[in-house]
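Got a model to pick through, and a few things to ask about how its side chains pack and pair up. Let's have a look together.

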Amino acid sequence: MEKETANGSSAVKKSPKSSAKKARTPQSSVDTFAVQCNECFKWRTLPTEDEFEEYRSKQSEDPFVCKKLEGIVCDDPADIEYDSSRTWVMDKPNIPKTPKGFQRVIVLRRDYSKMDVQYICPDGTRVRAAPGIITYLKEHPELSHVSATDFCFTSPKVMSDTIPEHIEKKTTGSSIKKQKK
């Protein structure tokens, strides 16, 4: 099992629901946001993605500790345990907070190999990579207060020890191709 550093931010994903196709806006795979206390190492859930992004964006300069949450101290039991009852993903620290009017959506691939990061712009445009954000901002001068550095397409790391057993894990080697008869 990999050991994450203290105060690592985590987004937690439950097993996927039905695979009915949904058009338009992708739904984020994340259903719970949690941060780890830098003192007691317990996981605390946060009520909103916005709060999660706030703590994550300042993680190095102002590490999360339990007492930052009203009425919570390190002696209280953890809100959630790191275990395989759900799939955990770890975001890198200090990812900038999503600019107002934009939405950061992260979607777990069906094979659980990684997560894809997209941003939904104020007009509904879906952007999947940094060059797309640069182009979008150039085409929308009214967003001059927003910079391309306000966006991060680095995907959270899927914690392999929490992937459900029924999911076939990808190996690092090349796939074996079927030979023609």
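Me: Before we start, what are the ground rules on numbering and confidence?
Reply: Residues are numbered from 1 along each chain as its sequence is written, and side-chain values use heavy atoms, with hydrogens and water left out. This is a predicted model, where totals for chains, interfaces and linings use all residues, local features need pLDDT of at least 70, and side-chain atom pairs count only at pLDDT 80 or more.

Me: Which residues touch the most other members of the largest nonpolar core?
Reply: A nonpolar core here is a set of buried Ala, Val, Leu, Ile, Met, Phe, Trp, Tyr and Cys residues joined through side-chain atoms within 4.5 Å. Buried means under 20% relative accessible area, exposed over 50% and partly exposed in between, using a 1.4 Å probe on protein chains only. The largest core has 32 residues, and those touching the most other members are Phe 102, Met 115, Leu 137 and Phe 151.

Me: Which elements give two or more residues to this core?
Reply: Helices (H or I, at least four residues) and strands (E, at least two) are DSSP runs, numbered from the N terminus. On that basis the contributors are strand S2 (32–36), helix H1 (49–57), strand S5 (103–108), strand S6 (115–120) and helix H2 (130–139).

Me: How do S5 and S6 pair, and over how many bridges?
Reply: Strands pair if DSSP finds at least two bridges between them. S5 and S6 form a hairpin with 6 residues between them, and Tyr 112 in the turn has a positive phi of about 65 degrees. The pairing is antiparallel, over 6 bridges.

Me: Is Arg 104 buried or exposed, and which side chain meets it in a salt bridge?
Reply: Arg 104 lies in strand S5 and is buried, with a relative accessible area of 4%. Its side chain makes a polar contact (a pair of N or O atoms within 3.5 Å; within protein, one must be able to donate a hydrogen and the other to accept it, and residues adjacent in sequence count only if both atoms are side-chain atoms) with the side chain of Tyr 119 at 3.4 Å. A salt bridge needs a side-chain nitrogen of Lys or Arg within 4 Å of a carboxyl oxygen of Asp or Glu. At 3.3 Å, N to O, the salt-bridge partner of Arg 104 is Asp 91.

Me: How many residues apart in sequence are the parts that Asp 31 and Arg 86 tie together?
Reply: The side chains of Asp 31 and Arg 86 meet in a salt bridge at 3.5 Å, N to O. Asp 31 sits in the loop between strand S1 (9–13) and S2, and Arg 86 in the loop between H1 and strand S4 (87–90), so the parts tied together are 55 residues apart in sequence.

Me: What kind of ring pair do Tyr 55 and Phe 64 make?
Reply: Rings of Phe, Tyr and Trp (its six-membered ring) pair if their centres lie within 6.5 Å; planes under 30 degrees apart count as stacked, over 60 as edge-to-face and the rest as tilted. The count comes to 8 aromatic pairs. For Tyr 55 and Phe 64, the centres are 5.0 Å apart and the planes at 80 degrees, so the pair is edge-to-face.

Me: Which backbone oxygen does the side chain of Lys 42 reach?
Reply: Lys 42 is in the loop between S2 and strand S3 (43–46), and is partly exposed at 24% relative accessible area. Its C-alpha is 5.2 Å from that of Ala 78, although the two are 36 residues apart in sequence. The side chain of Lys 42 reaches, at 2.9 Å, the backbone oxygen of Asp 76.
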